[in-house]
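Here is a short briefing on one protein chain. Please look over the sequence and the structure first.

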Amino acid sequence: MKFFVCIKQVPDTEAKIKIGADSQLDLSGVKWVMNPYDEYAVEEAIKLKEKNPGTQVWVVTMGPKARAVEVLRTALAMGADEGIVIDYTGQSDSLLTAKALAQVINQEGGATVIFAGKQAIDDNAASVGQMLAETLQIPHTTVVSKFTFEGEKVVVERDVEGGAKEIVQMATPCVVAANKGLNMPRYASLPGIMKAKKKVIKEVDLNSLGL
């Protein structure tokens, strides 16, 4: 089995954001980190790998290669096996991102489960996971706070308004978008950080995907 985790690099929540002379955000000197909700997605995939020997966890992200590779290294240090960076320096919206992720995942043979965070803390769009599932024509659910894997299906618990919970059963392959509380993400250990430096990161040019 192969599990994919879609992650994003976002500005640190403590970063001081400046406005440039052109009235655009000046991101020079900003510290970039893994989107916090994506940490829960990575952790859940690694937990599945530990329970299912022979399983692989791949992490994939899109953005400027020089910067985006760092977030992949973080996930690899946590325990993911391989990473893919879709190199793109231009402006992207949720739909372009979802289509690029879908095409790369298909090129790698697809996934049993695709994990993502429920939203990114920079744009708060909360839409890439849904668009990714629609592009791949597979089921999805988001705001997931409990996950159970049963081979050909998954059963998840998701948060809804008013403090209530919904139970959703989906056939695999599917997309699951993680919420806070799904698990407790592990810290990357020193041995994990050293191993991450030797793990494979595949580079894909967005322009080569023909989108």
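Which residue in strand 7 stands opposite Met62? The residue is Ile86. Keep in mind that this is a predicted model. The points below go from the whole chain to single residues.

**Overall build**

- The protein chain holds five helices and 13 strands.
- Its radius of gyration is 17 Å, close to the 17 Å that the globule rule gives for 211 residues, so the chain is as compact as a globular protein of that length.
- The C-alpha trace spans about 50 × 45 × 40 Å along its principal axes.
- Buried residues make up 46% of the 211 in the protein chain.
- The protein chain exposes about 10,900 Å², and carbon and sulfur atoms supply 50% of that area.
- Take the contacts between residues at least 6 apart in sequence: 71% of them join residues at least 24 apart.

- Strand 6 and strand 7 (residues 82-87) run parallel and are joined by six bridges.
- Asp81 sits in the loop between helix 2 and strand 7.
- Leaving aside neighbours within four places in sequence, Asp81 is in contact with Lys49, Thr55, Gln56, Val57, Leu76 and Lys199.
- Asp81 and Ala100 are 19 residues apart in sequence, and their C-alpha atoms are 21 Å apart in space.

- Is strand 12 mostly covered or mostly open? It is mostly covered, with five of its five residues buried.
- In a regular strand, side chains alternate between the two faces of the sheet.
- Both faces of strand 12 are covered. Cys174, Val176 and Ala178 are buried on one side, and Val175 and Ala177 are buried on the other.
- Strand 8 pairs with strand 12 in the parallel sense, over five bridges.
- Within that pairing, Ile114 has Val175 as its bridge partner in strand 12.
- Strand 9 runs parallel to strand 12 as well, and three bridges join them.
- Here the bridge partner of Thr141 in strand 12 is Val176.

**Nonpolar cores**

- The largest nonpolar core has 36 residues. Val5, Val113, Phe115 and Phe147 have the most contacts inside it.
- Several elements each supply at least two residues of this core, among them strand 1 (2-6), helix 1 (36-51), strand 6 (56-63), strand 9 (140-149) and strand 10 (153-159).
- Which element gives the largest share of this core? Helix 2 does, with eight residues.
- Beyond its neighbours within four places, Phe115 is in contact with Phe3, Phe4, Val5, Cys6, Ala41, Glu44, Ala45, Leu48, Phe147 and Val176.
- A second, separate core has 24 residues, including Ile105, Leu132, Val175 and Leu209.

**Backbone points to check**

- A cis peptide bond joins Thr172 and Pro173, with omega about 0°.
- Pro173 lies in the loop between strand 11 (165-171) and strand 12 (174-178).
- Asn124 is not a glycine, yet its phi is positive, at about 55°.
- The place of Asn124 is the loop between strand 8 (113-117) and helix 4 (128-136).
- Is Asn124 buried or partly exposed? Asn124 is partly exposed, with a relative accessible area of 45%.
- Ala126 also has a positive phi, near 55°, and is a residue other than glycine.
- Ala126 is found in the loop between strand 8 and helix 4.
- Ala126 is partly exposed, with a relative accessible area of 30%.

Notes
Residues are numbered from 1 along each chain as its sequence is written. This is a predicted model: local features need pLDDT of at least 70, side-chain atom pairs count only at pLDDT 80 or more; totals for chains, interfaces and linings use all residues. Side-chain values use heavy atoms; hydrogens and water are left out. Helices (H or I, at least four residues) and strands (E, at least two) are DSSP runs, numbered from the N terminus. Buried means under 20% relative accessible area, exposed over 50%, partly exposed in between (1.4 Å probe, protein chains only). A nonpolar core is a set of buried Ala, Val, Leu, Ile, Met, Phe, Trp, Tyr and Cys residues joined through side-chain atoms within 4.5 Å. Contact means heavy atoms within 4.5 Å. Two strands pair if DSSP finds at least two bridges between them. The radius of gyration is taken over C-alpha atoms; the globule rule is 2.2 Å times the number of residues to the power 0.38. Accessible areas come from the Shrake-Rupley method with a 1.4 Å probe; for residues, only the protein chains shown count as cover.
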